[in-house]
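Hi,

Here is the structure I promised to pass on. Have a look at it, and then read on for what turned up.

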Amino acid sequence: MATAAPPVPEPDDMDCSVCHEQYVQPKLLPCGHLLCHHCLLSWLQSQDQALCPLCRCAIVDPEERGQKTWQDVADGFPTDLAMADLVGAHRLLKQSHSCICEEAAATCLCLTCGDLFCESCRKIHLKQKMARNHTVEDLTSLTADKVAGSQHAACAVHADKTTELFCPTHGESICQLCATSRHRSCPEVKDMQEKVKDARAVLAELAATLTEGEARLDKAIQQLDTHMAETEKQTKKAVAEIEAVCARLEKSVQDYRHRLNALAHSACSDVKEAVTETKTCLLQRRGKLTSHKHVVQRVQDAKNRDTVSTMTPVMQTRVGNLDCSATLPSGAKVVSKVTVVIDAEAVTRIEKELSVLGQTKVMSADLDFGPVTAFCFHDNHGMNIVLSNDKQTAERRGTDKNAGIVVASQPMVTNMLYELDTNVGRKLVNLPEKSRVGVMLDKKRSLHLYINGDDQGEAASSLPDPCFAFFDVLGPYRQVTALPVRRIP
């Protein structure tokens, strides 16, 4: 899924929200925002709660606060290398530089070798045989993005060599000399261009996932806004009905009138409070997706190959742990309708005795976006299973192959397909790699097995109610991820 490239950040976008200076070793927070490493550390040490200064999302889970020092926490977050490259390039362009001859001010930069030249040295440089094909541009016409993309990292072992290859075994960018010496026995050494191409493909998928998650959350937030407007409309209607009754008895029942109005507005207030709380949660979740999407797009558009190859697995892990669903928080309840029910007998008594006006009743209901919004695993699972990705991914740890049961957190709904992506990275017995395996309970309480979206027939019948889907993460299975639940016609 192609996405438009984001604009290169303006200088203000490169400023840390704590020190208001350009980033120095920008650290990527769980919410997707950036802070300088030293600013992050000082912020954590000065706050009672470890919350992002921009979106107020938690930087550290409460459980981790007692297990690590703030230094360990700050060091543990990945560095946004794409942003660091842009900041470094911007600083280079803004500073005054001397030519390598040290006799004049530099007016241009060689994007091939990274040297700064005055006009005289530029001509001399381009006349040299080894530099005839070099690209030299005026400093006034260069952009930070172009300078960052022209910088090729030097080999960690041979400083005079640039990294042109990548060793998957050691996860290192290396030069040609390293490939023939230190990494000669490695089973595979990839060309950096090939590695970057694969990384960009992964980044494109991550960007698509985040875009789709944004769309789902936008739809859910829009539904909350619609629900809020409908609640306001229902409240106005309820108040109008109360006013109509009170108008006939206004002189005698003024106190009843105010009391009923207060009840109606109180009911609306409860709805607003519940919807606002739920909306805030979804907005925070969407904020994480948006900020991570910006990071992914920034890395995706980065010209530095080492940056792309290094940041891609980091963003894979980070996006995999994000919640891209529009699932509401558990227990989210809102008042869906405010209704005035006038007791006819009471009205008769009011007209006769002017003692009882009526009653206002609030009808409540759950707010939901469909019969099933997500497929998550229950906390009770096999002893060597670890849940992640908001309980949507189950991974078997250790060598024990007989304790890998995971159970859905909610009962199965009829005609809904509960499906898993096997994610094992190898071929299963009788199944191709990356197969999808699922189960569906029909209206006759019969269980159907699905492979890659195709019904394999009835697997069991006369199942009790409620019925929970469970799976064994055994044998060649190492990890399974719950896919979005979908209705089977």
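How many helices and strands make up the secondary structure of the protein? There are eleven helices and 20 strands, taken as DSSP runs numbered from the N terminus (helices H or I, at least four residues; strands E, at least two). Bear in mind that this is a predicted model, where local features need pLDDT of at least 70, side-chain atom pairs count only at pLDDT 80 or more, and totals for chains, interfaces and linings use all residues. Numbering runs from 1 along each chain as its sequence is written, and side-chain values use heavy atoms, with hydrogens and water left out.

Of the 489 residues, 42% count as buried, meaning under 20% relative accessible area (1.4 Å probe, protein chains only).

Now to helix H4, residues 81-94. Its 14 residues reach 20 Å from first C-alpha to last, close to the 20 Å expected at 1.5 Å a residue (that is, 1.5 Å times one less than the number of residues). Asp80 caps the N-terminal end of H4, with a side-chain oxygen 3.2 Å from the backbone nitrogen of Ala82. Ala82 is also among the buried residues of H4, as are Met83, Asp85 and Leu86.

Contacts (heavy atoms within 4.5 Å) are worth a glance too. Among those between residues at least 6 apart in sequence, 60% join residues at least 24 apart.

Cheers

Note on methods:
Buried < 20%, exposed > 50% of the residue type's maximum accessible area, 1.4 Å probe, protein only. Polar contact = N/O pair within 3.5 Å; in protein donor to acceptor, adjacent residues only side chain to side chain.
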